Amino acid sequence: MAILKVSIFQKNLAEGLNLSLHKRLSAVKSDFLVFPEYFAVDGSTKDHRALADRTKFALDWLGKLSESYKGVVIGGTVIREIEGKFYNAMPVFFEGQLIDWYHKRFLTENEAPLLTPGKDPGVFILGGHRFGVLICADVLKPEYVKELADMDVKLIFTVMNSPYKEETVEEKHERDEKLYCGPAREMGLSIIKCCSAGTIFGRRLQGRSLAVTPSGISWRVAPEEEDREILKTVVLNA
């Protein structure tokens, strides 16, 4: 069983992408660096169409980071255009190269009028590790998690943009049990959840990043830290 270091970047979207952040992340020593969904949003990004205009800049920024960071970069998501259709798309980088994409399959209500759902599961083998990926609402489809497990995936990265809810800590933990802990325990999975913090398109977010193994929660953001930018490296047996 391999020992993996995974760096979860719960990014405050208001901070944008800049040189100081680039230098900070380049110095991280881990096997995987994970960004949240729509990581390139900043305070001036008003909607999905405006976010699409930032895609080239975001990909260039990730590519340069991947040249200096020595692990696999799970690149959050950008808006990708293919033959006039737009997708909520996750780029995966390694050693400065864009390796491949995964397209979100289960779109939210605000995405569905503008975006096209993906069709294929996201499975990668990089750096000697086999892993799967899901984007936000994809985790609400238990069959997607089972599909990855059936493909001999033991490590899953989920990148999120979670809207703020008025709820108790117990309710949050119950949701974690249903969506993450239960599947991890039943299928022998390690699941990483990377959330954004701050706001997107004027809507408040809650950063509830966590790391789950078959034996339970390895790490979880504390309730008082859900609005903060956090860079956390966790160690997994995977």
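Which element gives the most to the lining of the second largest pocket? The answer comes in point 2, as part of a short tour of this predicted model.

1. **The largest pocket.** Sorted by class, the lining of the largest pocket holds 13 nonpolar, six polar and nine charged residues. Helix α5, residues 169-187, gives the most to this lining, with three residues.

2. **The second largest pocket.** Now to the opening question. The second largest pocket has a volume of about 250 Å³ and is lined by 16 residues. Nearest its centre you will find Trp-101, His-103, Gly-118, Lys-119 and Asp-120. Two or more residues of the lining come from each of β5 (85-94), β6 (97-103) and β7 (122-126). The element that gives the most is β6, with four residues. By class, this lining has eight nonpolar, four polar and four charged residues.

3. Next, please turn to helix α1, which spans residues 19-26. Leu-21, His-22, Leu-25 and Ser-26 are its buried residues. Why do they sit on the same side of α1? They cover an arc of only 130 degrees around the axis, which puts them there together. As background, an α-helix has 3.6 residues a turn, so residues three or four places apart point the same way. On the other side of α1, Leu-19, Ser-20 and Lys-23 are exposed. The cover over the buried residues of α1 includes strands β1 (3-10), β2 (32-35) and β15 (230-237), along with helix α3 (55-68).

4. **Helix α4, read in the same way.** Helix α4 runs over residues 142-150, and its buried residues are Tyr-144, Val-145, Leu-148 and Ala-149. These cover an arc of only 140 degrees around the axis, so they lie on the same side of α4. Pro-142 and Asp-150, on the other side of α4, are exposed. What covers the buried residues of α4 includes strands β7, β8 (129-135) and β9 (155-160), as well as helix α5. After α4 comes Asp-152, with a positive phi near 65 degrees.

5. **From Phe-35 to helix α3.** Phe-35 also forms an edge-to-face pair with Trp-61, at 6.1 Å centre to centre and with 85 degrees between the planes. Because Phe-35 lies in strand β2 and Trp-61 in helix α3, the pair ties together parts that are 26 residues apart in sequence. Both Phe-35 and Trp-61 are buried. Ring pairs link Phe-9, Phe-35, Phe-39 and Trp-61 into a cluster.

6. **Glu-67, also in helix α3.** Is Glu-67 buried or exposed? Glu-67 lies in helix α3 and is exposed, with a relative accessible area of 56%. Its C-alpha atom is separated by 9.2 Å from that of Phe-93, a residue 26 places away along the chain.

7. **Two loop residues with positive phi.** Glu-83 is not a glycine, although its phi is positive, at about 50 degrees. Glu-83 sits in the loop between β4 (78-82) and β5, and it is exposed, with a relative accessible area of 81%. Where does Glu-95 lie? Glu-95 is in the loop between β5 and β6. Its phi is positive, about 55 degrees, although Glu-95 is not a glycine. With a relative accessible area of 59%, Glu-95 is exposed.

Key: Residues are numbered from 1 along each chain as its sequence is written. This is a predicted model: local features need pLDDT of at least 70, side-chain atom pairs count only at pLDDT 80 or more; totals for chains, interfaces and linings use all residues. Side-chain values use heavy atoms; hydrogens and water are left out. Buried means under 20% relative accessible area, exposed over 50%, partly exposed in between (1.4 Å probe, protein chains only). The arc is that of the directions from the helix axis to the C-beta atoms. Contact means heavy atoms within 4.5 Å. Ala, Val, Leu, Ile, Met, Phe, Trp, Tyr, Cys and Pro count as nonpolar, Asp, Glu, Lys and Arg as charged, and the others, Gly among them, as polar. On a 1 Å grid over the protein atoms alone, a cavity is a set of points where a 1.4 Å probe fits but cannot get out, and a pocket is an open set with protein on both sides within 12 Å along at least five of seven lines; lining residues have an atom within 4 Å of a point. Grid points are joined across faces, edges and corners, and a volume is the space filled by probe spheres set on the points. Rings of Phe, Tyr and Trp (its six-membered ring) pair if their centres lie within 6.5 Å; planes under 30 degrees apart count as stacked, over 60 as edge-to-face and the rest as tilted.
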